[in-house]
Amino acid sequence: MKTKIFTESEYDIKEAGKIIKTGGLVAFPTETVYGLGADALNDEAVKKIYVAKGRPSDNPLIVHICRKEDIIPLVKEVTPKAQALIDAFFPAPLTIILPKSDKVGNVVSGGLDTVAVRMPENETARRLIEAAGCPVAAPSANTSGLPSPTRAKYVIDDMMGKIDGIIDGGDCEFGVESTVITLATEKPVILRPGAITKEMIEAVIGEVEVSRAVLEGMKDNETAASPGMKYKHYAPRARVVIVDADKETYEKFVNSRKNAFALCYEGDDVKIPKVTFGKENDDLSQARELFDALRELDEMGAKKVYARIPHTTGVGMAVYNRLIRAAAFNIIDLKKPFTIGLTGQTGAGKGYVCDYLKSLGFNIINCDDCVKEIYENNPKLFDELKENFGQDIIVNNAVDRKRLSEIVFSDDKRLALLNSIVHPAVISLCESKAKIPSVLDAPQLFEANAQEKCYKVIAVTASYKTRLERIMSRDGISKEQARARMESQLNEEYFIKNSDFVIINDGTEDIKKQIETILEEII
């Protein structure tokens, strides 16, 4: 197909309108992003949009109008709240969902009984709709899944040869798609945040909810009631990882990464190759520049990108919503002291995994070493242990660990009491030793509830026979003694169920490959 590039002249707008009127596709600028337009009432024309974008047909489209009253034939009823929003905002980057009229087909609505309607603020967009003489269905004018285009050049990159025409209208003003609110439910719900914020809407119609899927993503088999709700969306070809951290921690983390790029704010002290998306305290600049920044990363050949996390209020919610989908919800939470919690049953072979992680630059914090440290130099802990387990538990200003083990080994209540005293002190000492990225090597990670302080948890497992042989050889004990130790721990199923990843270390799998595969996903 030959794609014609149009200007914003009166003649070109009329020509572009004729294309839409006769069932063709034209990309055009709006104040949010470029849209890919077709006659919304022509099912065959709308189907062409899905083909050109490679977009799933169950994802509904937004219908654009050029006058406020044009919404009336498209919906069953303009409710009082809908009318209030129309009066307050139209034309604007706001999309309203209402039950659809019989005039609206199933193709544009993605098979739903509702229709999404908006009146764009951009004058060129409204002129095109008027020239077409029909409401215009228009998702973003990009290949499905890629960042939405805010410049004509990106539309040309994605759509040249696939559609009839492209109107070059310069850069878009806001940079993220319109806010979408459904009024087809008992309470108004924001399905996609944008430049018209929750606070602005509530000032007009009162309380509204924000869909859980805005910040957390859709559940399996959940139907998308609005564009942009899919799990992964707006994504560049690079793999994006969001880093949840303050400015200083983010800078330290990304500057320690190799063969990676940073997606950060203007003024961030980043040494690796970077692309910025606005200023830290300027939501509108972030929204305006985000999609261009994601495109630029692809142009630079980025394969892995660490993005600074936006906040989730005001227009920042829209930025976060787009970025978290571009990252497929992959977030490193560096507000937690430990990057990885490493655990597993005795004899599973955590030591080998720790050694390899250490060789990769991780700071290893060994809980057993911290236990020894507090047992040798913690007067406050000594007093508490003497009070609960007897004065003779302290010998030569240190805990008699053998004696303490004899007291609690066969008494579950006393063991639980000991753990309640020791675990908090151990974890506190471990936290004082943490630096990014840290691994908390903790056999009793779950018993100490320390998994809550770890970004991800890895369990190391091995067969019962392998573990038994390792313990006997390592500690020089009998088979019965080794079995007693093994049976005093949580079972393998518990470790697997409560960990994010599992490494099998029984000699049949490539341990280094397992570790590297996990790290590629989480770091």
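How do the axes of helix H13 and helix H15 cross, and within what distance do they come? In this predicted model, local features need pLDDT of at least 70, side-chain atom pairs count only at pLDDT 80 or more, and totals for chains, interfaces and linings use all residues. Residues are numbered from 1 along each chain as its sequence is written, and side-chain values use heavy atoms, with hydrogens and water left out.

The axes of H13 (residues 379–389) and H15 (residues 412–432) come within 11 Å and cross at roughly 165°. Helices (H or I, at least four residues) and strands (E, at least two) are DSSP runs, numbered from the N terminus. Axes are lines fitted to C-alpha atoms, for helices over the stretch in contact, and angles run from 0 to 180 degrees between N-to-C directions. H13 is therefore roughly antiparallel to H15, a label for angles over 145 degrees, with those under 35 counted as roughly parallel, 65 to 115 as roughly perpendicular and the rest as oblique. From H13, the contact (heavy atoms within 4.5 Å) draws on Leu381, Glu384, Leu385, Asn388 and Phe389, and from H15 on Arg414, Leu417, Leu418 and Ile421. Six of these residues are nonpolar, one is polar and two are charged. Here Ala, Val, Leu, Ile, Met, Phe, Trp, Tyr, Cys and Pro count as nonpolar, Asp, Glu, Lys and Arg as charged, and the others, Gly among them, as polar.

A second pair of helices comes next. Helix H3 (residues 80–89) and helix H6 (residues 198–205) have axes that come within 9 Å and cross at roughly 120°, and are therefore oblique to each other. Lys81, Ala84, Leu85, Ala88 and Phe89 of H3 meet Met200, Ile201, Val204 and Ile205 of H6. This contact has eight nonpolar residues, no polar ones and one charged.

Five of them form an open sheet in the order E14-E13-E15-E12-E16, with parallel pairing; two strands pair if DSSP finds at least two bridges between them. Strands E14 (274–276) and E16 (331–333) stand at the edges with a single partner strand each, so one side of each lacks a neighbour in the sheet. On average, neighbouring strands are turned by 25° against each other, direction ignored. Three bridges join E13 (residues 261–264) to E14, and Leu263 stands opposite Val275 in E14. Helix H9 (residues 283–299) packs on the sheet, touching E13, E14 and E15, and its direction makes about 170° with that of E13.
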